[in-house]
Amino acid sequence: EKFNIVRSVLRDRYYADVDENKMLEGAIAGMTQSLGDVYTVYYTKEQMQRLMEISNKSEEVYVGIGVSVMMDNNGLLTVVEPFEGSPAAEVGIMPGDRIVKINGEDVTFIKDEDLIINKIKGPENTYVNITVYRPSEGKNYEFNVQRRKVKYAINLRSEVLENNIGYIRIISFNDRQISRIFNEALDRLLAKGIKGLIIDVRDNPGGYYDGVVKIADRLLPEGIIVYTEDKEKNQRIEKSDETELGLPMVVLINGRSASASEVLAGAIKDHKKGMLVGTTTFGKGLVQDIIPLNDGSGLKVTTARYFTPSGVCIHGVGIQPDVEVRLDDE
């Protein structure tokens, strides 16, 4: 009743013409915002169309500024890492910078990273003005960045370190082929006779759930990898088979290791298959579904929480390392 009263007052008494469709779109978006969950978002028809275009693209090169990003717990788009040699790196954008304005427009109220990223992208050789807040200094910085063709960062790299220790850095799980790429890298290291393995997921914001489950299956003994639980207590359990990696393992983590990275770290820790070294992880333990609506708009809704094998939900808490090692600012 209150909703209809307010709608009527605004339609009849507001000093200018009112677009009722636009007003209703705002009301629907307000419902999602009222939950206080930065991962539950309403998409207009145009935003939903753009999201689907982004999700379905598989090109290795795009026009942009060259950064990997993630939403922090306050709903601010945070730079995880500028790509090497990218326009963002050249102008001085740094890991940890929060993107607060794009071309003078406040984007702190936009709670979906893809919608903000879409504002950063544009025609090649044009410029985009980006304002960031740098928490380490408590200051804002403004950068005028040229958009150029940028290669997506390679999601994994590997090498053999001294004393025959294998090293694999997983930069992101946001690649449908990440489990295959990981297994091929691990096979190459095993063929070289490595005696131990370091898996580095520092600054890894996560990605595809099925990819990290397959990687964990390669490493862990038979048992639970991770499980999700919705509000009705329905569970979806992911398990590993009896095949496991018979090597000592260390997983490197930090405060920007999130989501899928935490699935991997939590499973290895709970199965006592390796040591976690670094600092406490980000703490994102929520699962989202995309729900299209009849008019072409849509919702991204948090539908479940995920739990480590021992039954711990790390959302908002993170996973603590077995051995804490902090890097200084430099």
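Does D203 count as buried or exposed, and at what relative accessibility? At 17% relative accessibility, D203 counts as buried, because the cut-off for that class is under 20% relative accessible area. The legends below describe close-up views of a predicted model.

**View 1. The salt bridge between R256 and D203.** R256 forms a salt bridge with D203, and the closest N and O atoms of the two residues are 3.0 Å apart. The pair links distant parts of the chain, with R256 in the loop between β15 and α8 and D203 in the loop between β12 and α7, 53 residues apart. R256 is partly exposed, having a relative accessible area of 26%, whereas D203 is buried at 17%.

**View 2. The salt bridge between R134 and D97.** By the rule used for this model, the count of salt bridges comes to 19, and one of them joins R134 to D97, with 2.8 Å between the closest N and O atoms. R134 belongs to strand β7 (residues 127-134) and D97 to the loop between α4 (87-91) and β5 (98-102), so the pair ties together parts that are 37 residues apart in sequence. Both R134 and D97 are buried.

**View 3. R157 and E159.** R157 lies in strand β10, which covers residues 156-161, and forms a salt bridge with E159 in which the closest N and O atoms are 3.5 Å apart. The side chains of R157 and E159 are likewise joined by a polar contact of 3.5 Å. R157 counts as partly exposed at 41% relative accessibility, and E159 is also partly exposed, with a relative accessible area of 36%. Once neighbours within four places in sequence are left aside, R157 is in contact with Y167, I168 and R169.

View 4. D200 lies in strand β12 and is buried, with a relative accessible area of 2%. The side chain of D200 makes a polar contact of 2.6 Å with the side chain of Y167, and another polar contact, of 2.8 Å, joins the side chains of D200 and R202. Leaving aside neighbours within four places in sequence, D200 is in contact with Y167, I168, R169, I170 and L252.

View 5. Not counting residues up to four places away in sequence, L264 touches I170, F173, I199, V201, V212, I215, A216 and L219. In soluble globular proteins, nonpolar side chains tend to be buried together.

**View 6. A nonpolar surface patch that includes Y14.** V6, L10, Y14 and Y15 make a nonpolar surface patch of about 450 Å². Within this group, Y14 lies in the loop between α1 (2-13) and α2 (20-33), and at 44% relative accessibility Y14 counts as partly exposed.

Technical notes: Residues are numbered from 1 along each chain as its sequence is written. This is a predicted model: local features need pLDDT of at least 70, side-chain atom pairs count only at pLDDT 80 or more; totals for chains, interfaces and linings use all residues. Side-chain values use heavy atoms; hydrogens and water are left out. Helices (H or I, at least four residues) and strands (E, at least two) are DSSP runs, numbered from the N terminus. Buried means under 20% relative accessible area, exposed over 50%, partly exposed in between (1.4 Å probe, protein chains only). Contact means heavy atoms within 4.5 Å. A polar contact is a pair of N or O atoms within 3.5 Å; within protein, one must be able to donate a hydrogen and the other to accept it, and residues adjacent in sequence count only if both atoms are side-chain atoms. Patches are made of residues with over 30% relative accessible area and no salt bridge: like charges are joined within 9 Å, nonpolar side chains (Val, Leu, Ile, Met, Phe, Trp, Tyr) within 5 Å. Accessible areas come from the Shrake-Rupley method with a 1.4 Å probe; for residues, only the protein chains shown count as cover. A salt bridge is a side-chain nitrogen of Lys or Arg within 4 Å of a carboxyl oxygen of Asp or Glu.
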